[in-house]
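The sequence and the three-dimensional view come at the start, and the description follows them.

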Amino acid sequence: MDYFDPSDIAEKILDALRKERKEMKNMNVMLLGKTGVGKSTLINNLFNERLAETGIGKPVTQKIQQHSKENFPLTIFDTPGLELGGDNAIESLLKEINEQIRKGIRSGDMEKVIHCILYCVSAGSHRFEEEEKKFIRLFLDENKDTNIPVIIVITQAVSKKDAKELQSCIEAENLGVSQIVPVLAEDYELDEDMVVRAYGLDRLSEIIYEIVPDAMKKTFVSVQKANIKLKTQKSHAIVAATAAGAGATGAIPIPFADSLALIPEQIAMLASITTVFGLSLEKSAIAAIVSGTLGTAGATVAGKTAVSGILKLIPGAGSVAGGVVSGGVAAALTAALGEAYIAVMVAIAKGEMKEGDLKTEKGRKFLSETFKNALKLKRNEKGERIE
Ligand SMILES: Nc1nc2c(ncn2[C@@H]2O[C@H](COP(=O)(O)OP(=O)(O)OP(=O)(O)O)[C@@H](O)[C@H]2O)c(=O)[nH]1
Ligand SMILES: [Mg+2]
């Protein structure tokens, strides 16, 4: 590549992205709870893909169904129609669930084990029913040795007061579950002009992140969509590491005057951030981000002016001779690129921007401004902001 080619850079990012996706470990979440308590609604709003809409799912046992999607490293073990009627029903259901859990453990395969169990109880039921208590006690008792974290999710928590009351009732049982979290997964329309806003999913996400095994944290941050902060924190850590690396390596050779190439570490950084956000962007969208940032910081045409325009904005970059930049400049450029990229991902994740907007005038302006502002910040040799 002997000139600045956003499409070529985008292709390389996509390659790195495919590789990351392939290497990402599959996470398994089990959903328990009575019919209609909002299990499907919960997972559809918690995760990037609407898994519960992919049909009834593949039956694993008589009562357990498996929801998954190609190229999405999450499997939901759903128990639709779980009704707690009579002793035998409880026992047969428990047996199927326990067998499923043990099958995963016996496999010795980290990607087949259940990593987290969400037990849903509806806030609308106002009380913690005896049968439910009995079920969950038996279940927890039989699963003591497996150490799989169980979270009780109080779903359909339209009334925070009701949810709190139910939470107290459950807490009083001292069940030994990891957490009890009230959630309203989707806005609830009380009447025409009264809407109760959804809440609690961000907290649930944070709790799941804390309790799943370390090996699954990366997957979880990527597949969940309810907590953008988890994504930005992880992304900023990636940018900081890459920028520090670029700073330490010292000079990044940029064949100046006619080209702006990205080093493999910068390509990997952008791919990793995309993975963290779990977005499947088209090549053209990634190319638009690359050209909208690197390409417009001082240039109307790619090439010479792009490089000098960028360097002009970095405090203390000075004039560059010999086709290399100092470590500090390399770090600053890397950090600014990473931060601008994160800002775009956040805007898309929050729905403030659509993939298609990236190619519009408004999108280009956003990209260019964000990148320029990030370039102008004072930074140390590692690319960290210093004021
Ligand atoms: N507005 C709103 N409606 C919800 C919420 N949770 C569940 N519902 C509604 O409650 C009904 C049942 O929700 P589902 O998600 O299908 O419940 P489920 O537990 O998956 O039910 P089964 O699969 O039959 O066991 C649906 O009409 C949902 O729209 C919520 O957080 N907000
Ligand atoms: Mg369902």
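The sections below go from the overall fold to helices, salt bridges and surface patches.

## Overall features

The model described here is predicted. The protein chain has 387 residues, and 52% of them count as buried. Its secondary structure comprises 13 helices and 11 strands.

The accessible surface of the protein chain comes to about 18000 Å². Carbon and sulfur atoms account for 51% of that surface.

## An enclosed helix

Helix α2 covers residues 39-46, and six of its eight residues are buried, so this helix is largely enclosed by the rest of the structure. The buried residues of α2 are K39, L42, I43, N44, N45 and L46.

Which elements do the buried residues of α2 pack against? They pack against the strands β1 (27-33), β4 (72-78), β5 (116-122) and β6 (150-155), and also against the helices α6 (201-211) and α7 (214-223).

Q100 belongs to helix α3, which spans residues 86-107. With a relative accessibility of 9%, Q100 counts as buried, because the cut-off for a buried residue is under 20%. Leaving aside residues up to four places away in sequence, Q100 touches M30, V60, T61, I64 and F77.

A215 is found in helix α7, one of the elements against which the buried residues of α2 pack. A215 counts as partly exposed, at 38% relative accessibility. Residues up to four places away in sequence not being counted, A215 touches K25 and M110. A215 and M110 are 105 residues apart in sequence, yet their C-alpha atoms are 8.7 Å apart in space.

## Salt bridges within helices

Side chains of opposite charge can pair when their charged atoms come close. A search of the whole structure finds 19 salt bridges. One of them joins R18 and D15, with the closest N and O atoms 2.7 Å apart. Both residues lie in helix α1 (residues 6-23), three residues apart, which is about one turn of the helix. R18 counts as partly exposed at 45% relative accessibility, and D15 counts as partly exposed at 42%. R18 and D15 also take part in a network of salt bridges that links them with E11 and K283.

Another salt bridge joins K161 and E165, whose closest N and O atoms are 3.8 Å apart. This pair lies in helix α5 (residues 160-172), four residues apart, again about one turn of the helix. An α-helix has 3.6 residues a turn, so residues three or four places apart point the same way. K161 is exposed, with a relative accessible area of 60%, whereas E165 counts as partly exposed at 42% relative accessibility.

## A salt bridge between distant parts of the chain

E339 forms a salt bridge with R379, the closest N and O atoms being 2.9 Å apart. This pair links distant parts of the chain, 40 residues apart: E339 is in helix α12 (residues 327-349), and R379 is in the segment after α13 (361-376). Are these two residues buried or exposed? Both E339 and R379 are buried.

## Surface patches

E189, D191, E192 and D193 gather on the surface in a patch of negative charge. Of these residues, E192 sits in the loop between β8 (188-191) and β9 (194-196). E192 has a relative accessible area of 76% and is therefore exposed, the cut-off being over 50%.

A nonpolar patch on the surface is formed by Y188, L190 and M194. Together these three residues have about 290 Å² of accessible area. Y188 lies in strand β8, and at 39% relative accessibility it counts as partly exposed.

Conventions:
Residues are numbered from 1 along each chain as its sequence is written. Chains are lettered from A and ligands numbered from 1 in the order in which they are written. This is a predicted model: local features need pLDDT of at least 70, side-chain atom pairs count only at pLDDT 80 or more; totals for chains, interfaces and linings use all residues. Side-chain values use heavy atoms; hydrogens and water are left out. Patches are made of residues with over 30% relative accessible area and no salt bridge: like charges are joined within 9 Å, nonpolar side chains (Val, Leu, Ile, Met, Phe, Trp, Tyr) within 5 Å. Accessible areas come from the Shrake-Rupley method with a 1.4 Å probe; for residues, only the protein chains shown count as cover. A salt bridge is a side-chain nitrogen of Lys or Arg within 4 Å of a carboxyl oxygen of Asp or Glu. Lys and Arg count as positive and Asp and Glu as negative; His and the chain ends are not counted. The place of a charge is taken as NZ of Lys, CZ of Arg, CG of Asp or CD of Glu. Helices (H or I, at least four residues) and strands (E, at least two) are DSSP runs, numbered from the N terminus. Buried means under 20% relative accessible area, exposed over 50%, partly exposed in between (1.4 Å probe, protein chains only). Contact means heavy atoms within 4.5 Å.
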